Amino acid sequence: MTLLALLSTVEVWLLVRDFGVRLSQSPIDESPVAHAYFFANPGDFSLDAYMKVWSHVAISSVTNWLPAFLFKYLSVPPGIFFALFVILQAAGLSCACYCFAMALFKSRGISWLTALFVLMWRPHFFSPALIGGLDWMPYANWLALPCLIMAAATVIEGRVGSSTMWLGVGAAIHPIMALIATMFVVAYVLTQRRLDFSTLLLAAGVGAVVLLVAYVPGYISTRGLATISMSAKALLNNAHIYPLGAEYPYGLAAFINGIFWTVGLFLLGLSGLNGASKQARWFLFSAGAMTGVACALHALAVIFQFAPVMNLILSRACILLLLVSVPFVMRRVVADLVSGSALRVIAALLLLFNCCTLSILGLVALSSYPAGAAGSRVRTALAWLGSAVAFVTSAILLVRHVAGYSTAVDHNVLFWMGQTIGWMLTENRLNLFRWDLLIPCAAMIALASILARTSWGQDLIALPARQIVEFRVAVAVVACALIVAMSLDNDAVGLAETTGEHRDLYDAQVWARDHTQPGSAFINTGLAPLAWRGVSRRQTIVTYAVGNVYVSTPEAQSYNARMADFKTRNMIVDDSEGWARLDENQWRAFKSEFGGDYLVRKAGWNSLSFPVVFANHSFVVYKLDG
């Protein structure tokens with residue numbers, strides 16, 4: 001466990017590379033640092049409409065209120081928590097998945113592969129709820145996951161009290177994710193005990209504890225704040241609630257891709273149930289059933305536009321189901337690696353080293369391959385079909401790797417899906433895939449399998465221990481190769497995302513922090529992550545509609561109406577290009593209506609006559625007059 005935690009920390013460091021630069025990239029400054037500065041000095045953010053409406057809600061999570069309180073009353077720098085939480089959410093999740101797999105199967109090999117697979121591929125990124133990425137910053141959705149997976153691990157071991165404690169901690173971080181996990185745990189508990197009054201009382205007690213922890217902080221943080229519930233029509237603009245409404249091809253492709261990942265990994269998990277304990281079987285069944293219920297409720301809420309349920313985004317139950325399925329999938333993968341079948345070995349390694357829609361579907365299709373004696377004609381036909389799909393999958397992935405990604409070819413394989421098929425074929429988190437790691441891995445597993453089956457090998461290795469040796473060789477080889485591939489990828493991504501324009505944005509924020517007075521207001525245009533407050537500690541006049549999926553305020557709605565009117569009067573349609581066209585008089589009018597001391601623009605845009613107070617290769621900061 002210690003080794004796994006250290007490995008996870010190293011991988012996080014390779015991915016993050018520079019915590020300061022990463023803080024400057026936090027989308028819309030959704031970080032404990034920005035909320036801590038707002039909480040400690042709200043007067044310095046008097047013109048910041050976004051923070052005034054959202055920070056009261058965000059501060060209900062322990063990830064934000066703990067750094068905020070310690071900064072305000074004990075002067076503890078909130079940046080410490082940015083780094084600490086990033087490490088905890090990655091190392092915590094890999095260790096929690098290890099413990100979960102151990103609770104299920106008591107196998108260190110399967111547990112290690114489970115932890116490495118989750119650490120490398122982040123399967124929870126690929127749910128139909130379109131919630132993914134942001135593993136380089138503290139994100140409450142992800143930070144709660146280690147606690148929720150530990151709740152699953154402890155309840156399988158029969159420790160309901162410990163499971164409730166973990167659910168409570170998870171609820172303090174992300175209430176909705178914890179409530180969904182509670183559905184999984186309660187459903188499992190009900191399958192393991194006699195359905196009498198004491199069992200129902202226990203289930204109700206678990207739910208009550210989680211609800212209490214989830215509700216109280218939010219009630220306190222928003223008390224006195226005049227709020228307005230978001231309308232169903234407004235909620236449909238949120239891609240997490242209604243993925244099909246997102247920009248094409250992203251919305252459609254990501255939604256279909258998420259369904260393939262979720263259903264595919266769950267089916268693979270079911271194929272890994274042979275010989276599993278009753279507890280393992282029932283937990284997977286319970287998780288699948290509760291995910292189906294949650295998704296059905298979400299779909300009905302969207303269809304009938306029932307805003308209170310839409311707000312919960314219950315489809316994120318798929319995030320937990322993806323993680324719950326992984327140990328069962330790894331059990332199936334290990335069985336395939338030591339089966340002696342070359343086709344199964346290749347399909348299993350494709351899933352481990354290039355996990356995407358194709359490799360998942362290929363292994364799912366291969367699940368129909370009958371073990372042992374020949375089956376019926378139907379099973380034989382399914383076996384041939386599974387083999388064909390697995391072979392075609394391998395061929396496509398290999399050809400695409402050798403030939404490179406072809407937009408023209410991949411985007412038009414299925415013309416009726418337009419660009420979605422190309423997006424799906426390439427959707428995984430690995431940017432630097434190495435086939436040369438997979439090939440020797442397959443060769444070593446094959447050699448170990450052949451050796452163990454020769455008369456010389458059987459004399460050398462006692463027959464009952466043959467599969468144990470193969471199992472250990474397979475796990476060790478795959479684990480080492482996965483660590484190398486993961487490290488190469490994280491290093492490449494970390495370097496690419498902390499240099500160039502990313503570094504320039506950080507430098508601009510550092511200049512604002514060191515050369516302007518607290519309370520100075522910056523108008524930001526053209527900043528892709530919409531970030532400015534975390535490093536600069538200065539308020540931002542945003543040029544987009546404020547409010548969020550959970551709540552709005554009368555002040556936010558007034559701000560949005562005035563911003564929409566300004567855009568209409570100045571013919572701003574596309575946010576980036578429209579704002580780039582504004583001249584000095586239009587910016588003076590903007591300042592007169594919304595406030596602002598400085599204007600931040602992209603360096604490539606046309607220059608203005610305002611005094612330039614800072615400039616680098618990517619950004620220019622003007623001092624506004626008038």
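The model is predicted. The protein chain carries 30 helices and 5 strands. Of its 626 residues, 54% are buried.

**Whole chain**
- Among contacts with a separation of 6 or more, 71% join residues 24 or more positions apart.

**H124, a loop residue**
- H124 sits in the loop between α7 (108-121) and α8 (140-143).
- H124 counts as buried because its relative accessibility is 4%, and the cut-off for buried is under 20%.
- Beyond its neighbours within four places in sequence, H124 is in contact with L93, V118, I131, W142, L145, I319, L322 and L323.

- Most residues other than glycine have a negative phi.
- R17 is not a glycine, yet its phi is positive, at about 70 degrees.
- R17 lies in the loop between α1 (2-16) and α2 (19-23). With 25% relative accessibility, R17 counts as partly exposed.
- K106 is not a glycine either, and its phi is positive, at about 55 degrees.
- K106 lies in the loop between α6 (79-105) and α7. K106 has 62% relative accessibility, so it counts as exposed; the cut-off for exposed is over 50%.

How values were computed: Residues numbered from 1 in each chain as written. Predicted model: local features only at pLDDT ≥ 70, side-chain atom pairs only at ≥ 80, totals over all residues. Heavy atoms only, no water. Helix = DSSP H or I, 4+ residues; strand = E, 2+ residues; numbered from the N terminus. Buried < 20%, exposed > 50% of the residue type's maximum accessible area, 1.4 Å probe, protein only. Contact = heavy atoms within 4.5 Å.
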